[in-house]
Amino acid sequence: MPLPPCLRDHPDGCVLTLRVVPNARKDGPDGLHGDALKLRLLAPPVEGKANEALVRLLAKLCDLPRSRVVLLAGETSRDKRVLLAGLPAADAASRLIAE
């Protein structure tokens with residue numbers, strides 16, 4: 001199975017490209033948005049609350065400790081890049097992207 005465009009392998013795991021939608025009705029992935037995974041969050045985009053919720057949600061979905069979910073870029077943007085340390089891209093795809 002080819003990798004989706006939102007995921008790429010990295011020496012430390014994989015990098016996930018996201019389009020985050022804060023203030024959503026529910027948390028969770030919502031398909032692809034161009035070359036990014038669209039991820040809805042209940043949290044508002046104030047004082048880092050959405051970023052904290054993002055790390056918690058990705059850790060839960062990928063079955064990783066929160067310390068292994070690292071925000072690489074996009075701290076104040078809806079477009080973000082996240083390192084999922086220790087998780088190969090193929091495994092992340094199976095956990096995050098619905099067939």
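A residue counts as buried under 20% relative accessible area, as exposed over 50%, and as partly exposed in between. With a relative accessible area of 34%, Asp30 is therefore partly exposed. The structure described here is a predicted model.

**Nonpolar core**

- In soluble globular proteins, nonpolar side chains tend to be buried together.
- The largest nonpolar core holds 28 residues, of which Leu16, Leu18, Leu58, Leu84 and Leu96 touch the most other members.
- Two or more residues of this core come from each of strand E2 (13-21), strand E4 (36-40), helix H1 (49-62), strand E6 (79-85) and helix H2 (89-96).
- Helix H1 gives the most to this core, with 8 residues.
- Beyond its neighbours within four places in sequence, Leu18 is in contact with Ala36, Leu37, Leu39, Leu54, Leu58, Arg78, Asp79, Lys80 and Val82.

**Helix H1**

- The 14 residues of H1 should span 20 Å at 1.5 Å a residue, and this agrees with its end C-alpha atoms, which are 20 Å apart.
- Its buried residues are Ala50, Asn51, Ala53, Leu54, Val55, Leu57, Leu58, Ala59 and Cys62.
- The buried residues of H1 pack against E2, E3, E4, strand E5 (69-73), E6 and H2.
- Asn51 is found in H1, and because its relative accessibility is 14%, Asn51 counts as buried.
- Leaving out neighbours within four places in sequence, the contacts of Asn51 are Leu71, Glu75 and Lys80.
- Asp63 follows H1 and has a positive phi, near 55°.

**Salt bridges**

- Side chains of opposite charge can pair when their charged atoms come close.
- The count of salt bridges in the model comes to 2.
- One of them joins Asp79 and Arg19, with the closest N and O atoms 3.0 Å apart.
- Asp79 lies in strand E6 and Arg19 in strand E2, so this pair ties together parts that are 60 residues apart in sequence.
- Asp79 counts as partly exposed at 43% relative accessibility, and Arg19 also counts as partly exposed, at 25%.
- A salt bridge also forms between Asp30 and Arg40, whose closest N and O atoms are 2.7 Å apart.
- This pair links distant parts of the chain, with Asp30 in strand E3 (residues 28-33) and Arg40 in strand E4, 10 residues apart.
- At 27% relative accessibility, Arg40 counts as partly exposed, as does Asp30 at 34%.

**Loop between E3 and E4**

- Gly34 lies in the loop between E3 and E4.
- The relative accessible area of Gly34 is 60%, so this residue is exposed.
- Gly34 and Arg78 are 44 residues apart along the chain, and their C-alpha atoms are separated by 14 Å.

**Largest pocket**

- Rolling a probe the size of a water molecule over the atoms shows where empty space is left.
- The largest pocket has a volume of about 170 Å³.
- It is lined by 14 residues, of which Pro45, Ala50, Asn51, Glu75 and Lys80 are the closest to its centre.
- Helix H1 gives the most to this lining, with 3 residues.

How values were computed
Residues numbered from 1 in each chain as written. Predicted model: local features only at pLDDT ≥ 70, side-chain atom pairs only at ≥ 80, totals over all residues. Heavy atoms only, no water. Core = buried A, V, L, I, M, F, W, Y, C linked by side-chain atoms within 4.5 Å. Buried < 20%, exposed > 50% of the residue type's maximum accessible area, 1.4 Å probe, protein only. Helix = DSSP H or I, 4+ residues; strand = E, 2+ residues; numbered from the N terminus. Contact = heavy atoms within 4.5 Å. Salt bridge = Lys/Arg side-chain N within 4 Å of Asp/Glu carboxyl O. Expected span 1.5 Å × (residues − 1). 1 Å grid on protein atoms, 1.4 Å probe; cavity = no way out; pocket = protein on both sides within 12 Å on 5 of 7 lines; lining within 4 Å. Points joined across faces, edges and corners; volume = space filled by probe spheres on them.
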